[in-house]
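Here is a short report on one protein model. Take a look at the sequence and the fold before reading on.

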Amino acid sequence: MKFSAAVFGVLLSIVPLALPLNAAQTEPHEHEHEHEHEHEHEHDEEFTALGAHVHGKALLTLVLEGNEMQLAFQAAAQSVLGFEHKPSTAEQQQEVAAAIAVFNQGNWFSLNAQASCEVLNAQASTDLTQANVSGGHADFYANYQLLCQSPARLNTLSLHIFSLLPALEEVEVQWIVNDQQGGSTATLANSTVQLQ
Ligand SMILES: [Zn+2]
């Protein structure tokens with residue numbers, strides 16, 4: 001399904017309201033998406049607008065304001081689970097449940113200890129468990145709220161996710177720490193991001 005420029009424009013204007021953490025990433029990913037997903041699917045418009053659906057990749061945004069941090073992870077379900085269809089066997093259902101449990105534990109990332117950040121709330125989900133999954137693509141999401149006792153000392157985000165998820169090759173990290181922002185790409189070989 002192709003989008004007219006007008007409809008896409010409307011989507012872009014809606015997305016920042018609904019998903020403020022993803023708003024900044026819309027344009028660069030759009031370009032990438034067109035190259036890596038030539039084929040069109042029913043669900044593509046949604047992912048195109050969000051810009052995060054590239055197999056093997058994930059997007060992680062970190063926003064710190066005062067003591068409060070929000071982390072938002074979004075990836076193609078393929079990147080997390082190794083498949084992207086509705087789980088049809090008990091084993092696949094177990095894999096989905098296990099992945100959600102891992103992300104709900106929130107141990108796959110860590111911040112430098114001096115910042116004294118703790119996870120207050122974690123919520124992982126995937127389109128694959130929705131009743132209306134109908135082929136095409138699906139995403140996996142995890143959102144976290146953290147409280148940092150010494151936010152001024154925050155300087156490092158480390159990911160411990162690549163050894164858990166063989167299908168995940170890289171995570172694009174975008175961060176906003178108070179008034180500063182930056183971004184970089186984390187991989188198994190380079191899994192620590194400097195937040196300054
Ligand atoms: Zn896909």
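Beyond its neighbours within four places in sequence, Val 173 contacts Leu 60, Leu 62, Leu 157, Gly 183, Ser 184, Ala 186 and Val 193. The model is predicted.

Val 173 also belongs to the largest nonpolar core, which holds 38 residues. Leu 60, Leu 62, Val 80 and Val 173 touch the most other members of that core.

| Element | Residues |
|---|---|
| Helix H4 | 77-81 |

In soluble globular proteins, nonpolar side chains tend to be buried together.

Now turn to helix H4. Leu 81 lies in this helix. Is Leu 81 buried or exposed? Leu 81 counts as buried because 22 C-beta neighbours lie inside 10 Å, and the cut-off for buried is 20 or more. The C-alpha atoms of Leu 81 and Phe 140 are 8.8 Å apart, though 59 residues separate the two along the chain.

Finally, the whole protein. It has five helices and nine strands. From the N terminus, the order of elements is α-α-α-β-β-α-α-β-β-β-β-β-β-β. Of the 196 residues, 31% are buried. Among contacts between residues at least 6 apart in sequence, 63% join residues at least 24 apart.

Notes:
Residues are numbered from 1 along each chain as its sequence is written. This is a predicted model: local features need pLDDT of at least 70, side-chain atom pairs count only at pLDDT 80 or more; totals for chains, interfaces and linings use all residues. Helices (H or I, at least four residues) and strands (E, at least two) are DSSP runs, numbered from the N terminus. A residue is buried if 20 or more other C-beta atoms lie within 10 Å of its own, exposed if 12 or fewer, and partly exposed in between; C-beta atoms are placed from the backbone. Two residues are in contact if their C-beta atoms, placed from the backbone, lie within 7 Å. A nonpolar core is a set of buried Ala, Val, Leu, Ile, Met, Phe, Trp, Tyr and Cys residues joined through C-beta atoms within 7 Å.
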